[in-house]
Amino acid sequence: MRIVLLGKPGAGKGTQGEFLSKELGIPRIVMSDLLKREVESGSELGGLIKGYMSEGKLVPDEVVYMVLERGIGGLRDFILDGFPRNVKQAEWLDSFLSSRNTELNAVLYFDVSDLIVLRRMMGRLVCERCGRTYNIFYDPPEDIRKCSCGGRLYQRVDDCYDKILRRLDIFREETEPLLEYYRKRGKLVSIDASGGIEDVRKEMLSILRSLEHD
Ligand SMILES: [Zn+2]
């Protein structure tokens with residue numbers, strides 16, 4: 001199966017994607033990891049990507065496509081996370097796959113409200129010492145000042161209100177039109193991602209099983 005994962009930041013698609021990859025035995029390709037790996041490899045392409053990133057610029061689509069093509073390599077089945085981000089990239093992916101005589105099976109959209117995204121992300125606290133993550137609303141530490149290991153807890157800079165809103169805006173402007181794109185092509189599968197990890201997991205699996213029987 002070839003699956004694309006879509007969702008707002010904090011929708012849980014990373015966690016669910018990791019699970020799905022293990023459950024189906026299909027590799028998960030995370031766009032940001034591919035770019036990071038290319039930079040770390042010290043290749044010419046990696047140097048180019050590093051340049052854009054250090055200037056705070058977006059990596060151009062042509063470069064992203066090259067990295068993704070290499071990342072997919074000879075794989076027939078994959079779960080794609082972090083790509084496509086906009087309709088133009090989705091069109092590229094469709095033509096890339098059709099050049100290999102294949103197509104996407106499903107686009108899973110992890111649907112969650114902005115309010116839940118805010119709660120999940122703003123409530124997040126991380127331990128300075130062991131890296132454990134808590135959430136003050138869903139999974140609070142016994143002592144709000146420290147982790148069970150005794151390490152100090154802090155909030156990541158990206159988890160503040162303004163930055164989360166900015167990311168939600170970018171999602172609305174760039175990624176939301178993708179939902180319509182895939183809906184029209186009959187690929188979009190919406191999953192209610194407002195519940196707990198286990199509930200979302202169950203719904204996702206039962207939906208995928210029903211697709212396999214189509
Ligand atoms: Zn700790």
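The legends below describe close-up views of a predicted model.

Residues are numbered from 1 along each chain as its sequence is written, and side-chain values use heavy atoms, with hydrogens and water left out. Because the model is predicted, local features need pLDDT of at least 70 and side-chain atom pairs count only at pLDDT 80 or more, while totals for chains, interfaces and linings use all residues.

**View 1. An open sheet of 3 strands in the order β6-β5-β7.**
The pairing in this sheet is antiparallel. β6 (133-135) and β7 (153-154) are the edge strands, and each pairs on one side only. Strand β5 (residues 124-127) is joined to β7 by 2 bridges, and V126 has Y154 of β7 as its bridge partner. Strands (E, at least two residues) and helices (H or I, at least four) are DSSP runs, numbered from the N terminus; two strands pair if DSSP finds at least two bridges between them. Strands of a sheet pair through backbone hydrogen bonds, either parallel or antiparallel.

C127 is buried, with a relative accessible area of 2%, whereas C130 is partly exposed, at 47%. Buried means under 20% relative accessible area, exposed over 50%, and partly exposed in between (1.4 Å probe, protein chains only).

**View 2. R124, a residue in strand β5.**
The unreviewed UniProt entry lists R124 under "binding site", along with others including T133, Y134 and G195. UniProt positions are given in the numbering used here, feature names are shortened, and annotations may be inferred rather than shown by experiment. R124 counts as partly exposed because its relative accessibility is 23%. Leaving aside residues up to four places away in sequence, R124 touches T133, Y134, N135, Y154, Q155, R156 and D159. Contact means heavy atoms within 4.5 Å.

**View 3. G195, in the loop between β8 (188-192) and α8 (197-212).**
G195 is also in the "binding site" list of the unreviewed UniProt entry. With 34% relative accessibility, G195 counts as partly exposed. Not counting residues up to four places away in sequence, G195 touches R120 and V200.
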